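Here is a short briefing on one protein model. Look at the sequence and the structure first, then read the points below.

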Amino acid sequence: MFQVKKPEYVNKTFRMPRELVQELEALAQQKDVSLNQLVTQCCRYALDHLDTDED
């Protein structure tokens, strides 16, 4: 049966270097996605590909 799902979101504030934010904003605009969507995808990718073989 079809169910409409509403994802749960949490608001957080992070401080980031100005240059990084400017790069992210430019890429988000270039790819026609929101800055929030881009940052979320970047974080998910980083966590999924994290090297867990650290000492």
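**The largest pocket**

The largest pocket has a volume of about 510 Å³. Of its 15 lining residues, Lys12, Phe14, Asn36, Val39 and Thr40 are the closest to its centre. This is a predicted model, where local features need pLDDT of at least 70, side-chain atom pairs count only at pLDDT 80 or more, and totals for chains, interfaces and linings use all residues. Residues are numbered from 1 along each chain as its sequence is written, and side-chain values use heavy atoms, with hydrogens and water left out.

**Pocket lining**

- A pocket is an open set of points on a 1 Å grid over the protein atoms alone, where a 1.4 Å probe fits, with protein on both sides within 12 Å along at least five of seven lines; lining residues have an atom within 4 Å of a point.
- Its volume is the space filled by probe spheres set on the points, which are joined across faces, edges and corners.
- H1 and helix H2 (35–48) each supply at least two residues of this lining.
- H2 gives the most, with 5 residues.
- Helices are DSSP runs (H or I, at least four residues), numbered from the N terminus.
- The lining residues divide into 9 nonpolar, 4 polar and 2 charged.
- Here Ala, Val, Leu, Ile, Met, Phe, Trp, Tyr, Cys and Pro count as nonpolar, Asp, Glu, Lys and Arg as charged, and the others, Gly among them, as polar.

**Before helix H1**

- Phe14 lies in the segment before helix H1 (18–31).
- Phe14 counts as exposed because its relative accessibility is 66%.
- Exposed means over 50% relative accessible area, buried under 20%, and partly exposed in between (1.4 Å probe, protein chains only).
- Phe14, Met16 and Leu20 make a nonpolar surface patch of about 310 Å².
- Patch residues have over 30% relative accessible area and no salt bridge; nonpolar side chains (Val, Leu, Ile, Met, Phe, Trp, Tyr) are joined within 5 Å, like charges within 9 Å.
- Areas come from the Shrake-Rupley method with a 1.4 Å probe; for residues, only the protein chains shown count as cover.
- Arg15 is also in the segment before H1, and at 86% relative accessibility Arg15 counts as exposed.

**The loop between H1 and H2**

- Asp32 sits in the loop between H1 and H2.
- The phi of Asp32 is near 60 degrees, a positive value in a residue other than glycine.
- Most residues other than glycine have a negative phi.
- Asp32 counts as exposed, at 71% relative accessibility.

**The salt bridge**

- The structure holds 1 salt bridge (a side-chain nitrogen of Lys or Arg within 4 Å of a carboxyl oxygen of Asp or Glu).
- Asp48 forms a salt bridge with Arg44, and their closest N and O atoms are 2.9 Å apart.
- Both residues lie in helix H2, 4 residues apart, about one turn of the helix.
- Arg44 counts as partly exposed because its relative accessibility is 47%.
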